[in-house]
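Hi,

Here's the structure I said I'd pass on to you.

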Amino acid sequence: MPAFRQVGEKQLPNPVLCMAWSPRRDLIALANTTGELLLHRLACFQRVWSLPPTETTGKEITALAWRPDGKILAFSLGDTKQVVLCGVEKAEILHVFPVENSVTCMHWMEVTDDCSALNSFFNSEDESNFFLSKLPSLPKSYSTTSEIFSEDKSDEIMNLLGEVRLNILVLGGDNGFVELYAYGMYKIATLTGVSGSCCSLSLSNDLKSLSIITEIMSAEDKPEICYVQMDTGLLSDCLPEVTRMARKFTHISTVLQYLHLSLTCMCEAWEDILMQMDLRLTKFVQEKNTSTQVQDEFLELLLWGQSSPELQAFLMNQLNVKGLKKLGQSIESSYSSIQKLVISHLQSGCEALLYHLSEVKGMSLWKQKFEPLGLDSTAIEGAITAVGSFSLKANELLQVIDKSMKNFKAFFRWLYVAMLRMCEEHVPPELNKMTQKDIAFVADFLSEHFSANEELFDRKGKYFNVERVGQYLKDEDEDLVSPPNINGNQWLKFLQESKHLKESPLLFPSYPQKSLHFVKRMMENVIEQCLQKPAEIIGKSVKQAAFLPLYTVPESSNTPRLFDMPSLWNDKKAKMHYVVFNMPHISPCKLYLLRKETDPNRSVPNNVISIALSRLFDRANDDAAQSHGYNCLDARFYDDEMLTVVLQGAEENNSKRILAQLPLTSALSCEAPFNWKTNLRLDQQSSSIPCQGLVLGNQLRELESMKAQFVAVNGIRKVACVLSTNLRHIRVFEMDVEDEEEEGADSQNATAGQDVLHNTMTSEGQGEESVEAGGDPVDNEENGLTKSNERLDSKEDLELT
């Protein structure tokens with residue numbers, strides 16, 4: 001019986017560029033050349049969801065990484081230079097942040113080192129719940145029109161924090177670009193001193209070192225693959241402090257995202273219909289023939305009950321009774337919605353920001369613990385002040401809304417009665433009463449809001465600014481058109497006259513001339529500057545501990561970089577970095593294994609060994625294969641002691657492809673010495689590298705009718721995915737189960753209800769062809785998905801089996 005059980009097979013319409021298994025579930029993420037992100041489950045390789053590319057995020061996916069708990073998927077985009085965090089359950093974009101360079105590789109790890117200080121922090125993590133109320137969910141009705149965010153996204157955004165245990169997303173790119181993001185959101189380090197373009201990287205679980213595979217140009221002007229080890233000892237030595245700081249800053253980043261979404265909802269609640277009064281009044285000024293001011297015409301109507309023919313025509317034709325009533329209802333509804341969002345969301349978010357920033361300030365004052373990490377109390381105080389100014393601006397908006405609602409109600413009530421009288425219609429008795437106080441109130445409103453402003457016309461193309469709330473929601477650098485009147489404000493007058501309070505750091509500055517959006521951007525910039533300094537300090541502490549040139553490679557090929565070896569692995573128990581690679585131009589039938597301690601101050605005596613691929617089979621099983629050699633097309637670590645490889649016969653008459661498991665126990669125990677000459681590349685001294693032979697036994701399977709080339713594995717879930725040379729043909733295997741069918745039979749029958757390929761699989765030697773429209777299994781796949789309407793929130797998918 002063939003080893004491993006095939007559970008799925010597909011011909012995909014577009015070539016695959018990236019693939020990664022979920023660490024906790026039987027799910028695999030694929031990214032193709034169109035920029036589409038796909039999620040498939042193991043059983044029958046059924047599609048769970050797809051995330052199409054957008055102009056906002058980008059269309060060129062360059063790398064994938066799963067958060068260690070399997071609930072968030074990160075992917076990078078080369079065309080827009082952004083990193084996106086996507087919720088796996090609903091295929092929702094939860095967070096997007098820009099990067100300076102295009103990301104070529106990423107790795108998301110979780111710290112497993114336990115200590116008493118961390119355990120006490122884990123237990124006290126929820127202390128903020130005693131002091132802060134839960135941030136309210138955003139209203140669904142305002143979040144459906146957003147380009148990125150869908151309905152009720154606030155809960156998902158707050159869940160971005162995930163588990164308390166520290167996890168770090170490591171990004172690598174061109175020109176030595178390497179950055180570390182705590183919890184995938186807060187940048188805790190920007191590394192310098194890395195040469196070349198990053199091809200792969202792995203941060204050790206004890207945070208002592210970072211392994212990087214880079215590509216540089218050699219002295220012979222050829223691409224050269226090198227291994228670099230960076231000493232990240234500061235992160236390891238200050239793990240409790242780093243965890244506390246990173247957790248707090250991630251809280252802050254999450255709340256900022258929440259405030260951004262809240263302000264987006266406020267902008268959507270404000271309607272363009274509210275500007276109709278301003279635009280129609282401007283048109284009335286431009287068309288009327290008299291020299292009388294607009295406010296004078298309305299005052300005549302208020303005092304004498306008479307209006308000019310021009311004003312009467314304007315009211316009856318441009319506004320009319322129904323239009324005025326609709327406009328009044330729109331203003332009241334919109335203002336009420338914005339008012340509720342300010343009170344419940346903006347103010348709650350400001351309180352949460354002030355709380356977390358105050359705690360960070362307390363950390364910064366504990367200089368013995370947190371000063372090495374770059375926490376600056378002065379910068380944090382500036383961030384607290386900026387949040388206070390934003391809160392003041394939100395309160396100012398509340399006052400403007402409250403005043404505008406009262407003004408508009410009184411004005412529309414009077415104008416509605418006046419227009420009913422013009423139409424000689426019945427006026428309800430409850431509206432017909434108007435006191436002298438009401439007349440004075442409307443007169444003041446007309447005097448303040450209905451004077452034509454030539455400067456305003458030059459700036460905005462209109463003479464009037466009756467509607468005062470919308471200007472606060474404009475994302476512009478210009479001053480407010482109609483700032484609040486602060487004349488007569490006793491508190492401001494008292495501050496200006498007091499020498500001691502005028503420059504007091506205890507008082508938050510206000511910006512009466514600026515919009516809410518402007519003050520929010522200013523606050524975000526100050527907080528971002530506050531967060532950047534620790535990343536710079538920690539980044540400068542990271543030093544290069546080892547630089548090992550491995551081999552040169554031919555000029556650029558058509559193979560996607562993300563599939564190229566070397567492959568990195570971190571053995572958590574042995575605290576080792578492993579690097580597996582091949583040098584086909586030197587020894588095509590060998591695999592090489594490089595070992596480095598995660599602690600840069602320690603070294604492995606025999607750190608390089610080679611594995612011969614020429615005698616892999618037991619004589620009793622395959623006597624003819626004794627003389628056969630095999631080339632390794634791809635190799636990935638299945639676990640600490642096993643490699644999953646795709647092999648191809650080295651002889652011209654032996655082109656079959658094999659999926660196999662290579663045990664590393666004997667190779668890792670090799671005691672043969674190797675003296676690495678640091679002035680030479682490894683390929684220049686390959687003849688002196690100790691070599692180990694292996695026997696596969698029955699841990700292999702021939703991949704018939706498939707030109708297999710690449711493999712992705714998950715040793716925890718015991719699954720593998722094989723990809724063909726043309727990047728379209730995929731097969732999925734369970735690695736710890738033998739196939740029950742006879743060798744050569746169609747293994748798709750092994751799984752009930754499995755999707756069947758419409759195209760007959762032909763020999764890859766004749767070339768694989770893309771599936772035509774009529775035979776594309778994706779259509780059947782979509783129908784099956786619609787019928788089943790499967791969700792990832794089932795217990796089977798969300799929990800470890």
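Which residue is the bridge partner of Leu591 in S21? It's Ile611. Before the rest, a quick word on the ground rules. This is a predicted model, so local features need pLDDT of at least 70 and side-chain atom pairs count only at pLDDT 80 or more, while totals for chains, interfaces and linings use all residues. Residues are numbered from 1 along each chain as its sequence is written, and side-chain values use heavy atoms, with hydrogens and water left out.

Strand S20 (residues 587–597) and strand S21 (residues 608–612) run antiparallel and are joined by 5 bridges. Strands here are DSSP runs of E with at least two residues, helices are runs of H or I with at least four, and both are numbered from the N terminus. Two strands pair if DSSP finds at least two bridges between them. Strands of a sheet pair through backbone hydrogen bonds, either parallel or antiparallel.

S20 and S21 belong to an open sheet of 5 strands, in the order S18-S19-S20-S21-S25, with mixed pairing. At the edges stand S18 (567–571) and S25 (691–693); each has a single partner strand, so one side of each has no neighbour in the sheet. On average, neighbouring strands of this sheet are turned by 25° against each other, direction ignored.

Strand S22 (residues 630–639) pairs with strand S23 (residues 642–649) in the antiparallel sense over 8 bridges, and Cys632 stands opposite Leu647 in S23. S22 is mostly covered, as 8 of its 10 residues are buried (buried means under 20% relative accessible area, exposed over 50%, partly exposed in between, with a 1.4 Å probe and protein chains only).

Now the helices. The axes of H7 (residues 294–304) and H11 (residues 377–422) come within 11 Å and cross at roughly 75° (axes are lines fitted to C-alpha atoms, for helices over the stretch in contact, with angles from 0 to 180 degrees between N-to-C directions). That makes H7 roughly perpendicular to H11, a label for angles of 65 to 115 degrees. Phe298, Leu301 and Leu302 of H7 touch Phe411, Trp414, Leu415, Ala418 and Met422 of H11, where contact means heavy atoms within 4.5 Å.

Last, cysteines: there are 0 disulfides, counting a pair of cysteine sulfur atoms within 2.5 Å as one. Cys721 counts as buried because its relative accessibility is 0%.

Cheers

Methods
Angles under 35 degrees count as roughly parallel, over 145 as roughly antiparallel, 65 to 115 as roughly perpendicular and the rest as oblique.
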